[in-house]
Amino acid sequence: MKLWHLPLRLAAGAFILNSGADKRDAPPEAAAGMHGMAATAYPQLEDQDPVRFVDRLSKAEMALGGALLTPFVPTRLVAAPLTGFAAGLIGLYLRVPGMTKPDSIKPTQDGTAIAKDVWLLGIGLAFLADLVTSD
């Protein structure tokens with residue numbers, strides 16, 4: 001891991017780990033809401049049980065966050081999963097009605113919470129660019 005990776009990995013890892021921990025043991029109503037939003041953006045998720053979906057999402061977020069926070073896990077192993085996770089969040093933002101202003105990519109008040117996750121995508125892309133351009 002390069003020194004400049006450390007602050008980015010700490011920030012992203014702590015955020016994602018906390019997000020996953022917050023979803024752990026989510027009540028069925030909360031799980032249904034998260035699943036509904038995800039299924040709106042990604043219809044292939046529609047048939048999944050909401051509680052099971054959120055349980056898997058929670059575990060995946062905690063695994064990714066933990067990997068980012070673990071110094072002996074090389075950045076090359078977390079760059080693509082981080083980028084994919086962040087791209088999924090941005091896809092959610094762009095596809096769920098009411099997240100963006102009409103005919104714009106600018107966020108509505110409801111969309112701001114997800115739109116700001118673009119920083120995770122920037123970190124993932126920076127890690128991938130570094131891997132591609134490093135000797």
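These questions and answers go through the pocket, surface patch, salt bridges and backbone of a predicted model.

Q: What is the volume of the largest pocket?
A: Rolling a probe the size of a water molecule over the atoms shows where empty space is left. Applied to this predicted model, the search gives a largest pocket with a space of about 640 Å³.

Q: Which residues lie nearest the centre of the largest pocket?
A: The lining of this pocket consists of 26 residues. Helices H1 (5-23), H2 (28-41), H3 (50-69), H4 (75-95) and H5 (112-115) each give two or more residues to that lining. Nearest the centre are Leu 57, Glu 61, Phe 85, Leu 89 and Leu 92.

Q: How many residues in the lining of the largest pocket are nonpolar?
A: The lining holds 5 charged residues and 4 polar ones. The remaining class, nonpolar, has 17.

Q: Which element gives the largest share of the nonpolar patch?
A: The patch has an area of about 530 Å² and is made by Met 1, Leu 3, Leu 6, Leu 10, Leu 17 and Leu 69. Met 1 is in the segment before H1. The largest share, 3 residues, comes from H1.

Q: How far apart in sequence are the parts tied together by the pair Lys 2 and Asp 130?
A: The structure has 3 salt bridges, and one of them joins Lys 2 to Asp 130, with the closest N and O atoms 2.9 Å apart. Lys 2 is in the segment before H1, whereas Asp 130 is in helix H6 (residues 118-133). The pair therefore ties together parts whose distance in sequence is 128 residues.

Q: Which helices hold Lys 23 and Glu 61?
A: The side chains of Lys 23 and Glu 61 form a salt bridge with an N to O distance of 3.2 Å. The pair ties together parts that are 38 residues apart in sequence. Lys 23 is in helix H1, and Glu 61 is in helix H3.

Q: Are Lys 23 and Glu 61 buried or exposed?
A: Glu 61 is among the residues nearest the centre of the largest pocket, and its salt-bridge partner is Lys 23. Both Lys 23 and Glu 61 are buried.

Q: What is the phi of Asp 25?
A: Most residues other than glycine have a negative phi. Asp 25 is in the loop between H1 and H2, and it is exposed because its relative accessibility is 72%. Its phi is positive, near 55°.

Q: Where is Asp 103, a residue with a positive phi?
A: Asp 103 is not a glycine, yet has a positive phi of about 55°. Its relative accessible area is 86%, so it is exposed. Asp 103 is in the loop between H4 and H5.

Q: What is the C-alpha to C-alpha distance between Pro 107 and Tyr 93?
A: Pro 107 is in the loop between H4 and H5. With 30% relative accessibility, Pro 107 counts as partly exposed. Pro 107 and Tyr 93 are 14 residues apart in sequence, and their C-alpha atoms are separated by 8.4 Å.

Q: How far apart in space are Pro 28 and Leu 69?
A: Pro 28 lies in helix H2 and is exposed, with a relative accessible area of 51%. Along the sequence Pro 28 and Leu 69 are 41 residues apart, and from C-alpha to C-alpha the distance is 30 Å.

Definitions and conventions
Residues numbered from 1 in each chain as written. Predicted model: local features only at pLDDT ≥ 70, side-chain atom pairs only at ≥ 80, totals over all residues. Heavy atoms only, no water. 1 Å grid on protein atoms, 1.4 Å probe; cavity = no way out; pocket = protein on both sides within 12 Å on 5 of 7 lines; lining within 4 Å. Points joined across faces, edges and corners; volume = space filled by probe spheres on them. Helix = DSSP H or I, 4+ residues; strand = E, 2+ residues; numbered from the N terminus. Nonpolar A, V, L, I, M, F, W, Y, C, P; charged D, E, K, R; others polar. Patch = residues over 30% accessible without salt bridge, like charges linked within 9 Å, V, L, I, M, F, W, Y side chains within 5 Å. Areas by Shrake-Rupley, 256 points an atom, 1.4 Å probe, with all protein chains shown as cover. Salt bridge = Lys/Arg side-chain N within 4 Å of Asp/Glu carboxyl O. Buried < 20%, exposed > 50% of the residue type's maximum accessible area, 1.4 Å probe, protein only.
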